[in-house]
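Subject: Structure handover

Dear colleague,

I am passing on the structure below, and after it you will find my notes on what was found. Please read them with the model open beside you.

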Amino acid sequence: MKIQFTKQQNRPSVFKCFRPDGTETWMSITQLFALEHDIVHYAVETTLGFRQAFYGMLLRGYNVTDFAAPRHLRPAALLPINLPLEAQQTEMLVNLFQTELHDGTSMEDFIGIAKFTFEAQVVPFPDINEQQVGQIRARIRALLRQWHELPTGATLELNF
């Protein structure tokens with residue numbers, strides 16, 4: 001699946017996914033936080049080889065706007081209780097990595113904090129190690145740097 005983030009000036013940026021079957025899904029992104037969230041999802045899912053999380057569900061035909069809809073309007077499969085384990089794990093990891101982004105520093109014991117968080121939420125901890133944490137952080141930094149250096153009207157394109 002081809003993923004595009006198009007930077008706009010004086011209007012929302014655009015997030016689009018083009019599926020191999022010719023269908024697509026897209027939405028406007030009005031806040032940098034939302035764009036970062038989708039980029040962090042990409043870094044986590046591609047580094048860990050997850051195929052059942054956000055981008056995998058988009059690939060299977062869900063619309064990006066389904067995820068942003070109020071819970072009572074979402075497809076049943078996208079309600080938190082029905083999400084695949086990888087999707088639950090990914091969302092928790094993405095939130096931790098985004099916390100690092102906004103704190104401006106890496107968590108000293110990311111895996112320990114993550115394990116505690118997963119245990120508190122009664123979600124099995126994924127098979128992730130320090131090397132993968134470093135790879136995810138590096139990928140996030142590289143993708144966000146590419147986005148920030150992108151001129152207005154240009155597109156950051158990724159493959160999933």
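A pocket is found on a 1 Å grid over the protein atoms alone, as an open set of points where a 1.4 Å probe fits, with protein on both sides within 12 Å along at least five of seven lines, and its lining residues have an atom within 4 Å of a point. Grid points are joined across faces, edges and corners, and a volume is the space filled by probe spheres set on the points. The largest pocket here has a volume of about 640 Å³. Among the 23 residues that line this pocket, His37, His41, Phe67, Arg74 and Glu91 are the closest to its centre.

The model is predicted, with local features needing pLDDT of at least 70 and side-chain atom pairs counting only at pLDDT 80 or more, while totals for chains, interfaces and linings use all residues. Residues are numbered from 1 along each chain as its sequence is written, and side-chain values use heavy atoms, leaving out hydrogens and water.

At least two lining residues each come from strand S3 (24-29), helix H1 (32-48), helix H2 (54-59), helix H3 (64-68) and H4, where helices (H or I, at least four residues) and strands (E, at least two) are DSSP runs numbered from the N terminus. By class, the lining has 15 nonpolar, four polar and four charged residues, with Ala, Val, Leu, Ile, Met, Phe, Trp, Tyr, Cys and Pro counted as nonpolar, Asp, Glu, Lys and Arg as charged, and the others, Gly among them, as polar.

Turning to the helix packing, the axes of H1 and H4 come within 9 Å and cross at roughly 125 degrees; axes are lines fitted to C-alpha atoms, for helices over the stretch in contact (heavy atoms within 4.5 Å), and angles run from 0 to 180 degrees between N-to-C directions. H1 and H4 are therefore oblique to each other, since angles under 35 degrees count as roughly parallel, over 145 as roughly antiparallel, 65 to 115 as roughly perpendicular and the rest as oblique. Residues of H1 in this contact include His37 and His41, and those of H4 include Glu91.

H1 also packs with helix H6 (residues 130-149), where the axes come within 9 Å and cross at roughly 140 degrees, which makes H1 oblique to H6. By class, the contact of H1 with H6 has 13 nonpolar, five polar and two charged residues.

Finally, helix H4 (residues 85-103) and helix H5 (residues 110-121) pack at about 135 degrees, with their axes 11 Å apart, and are therefore oblique as well.

Best wishes
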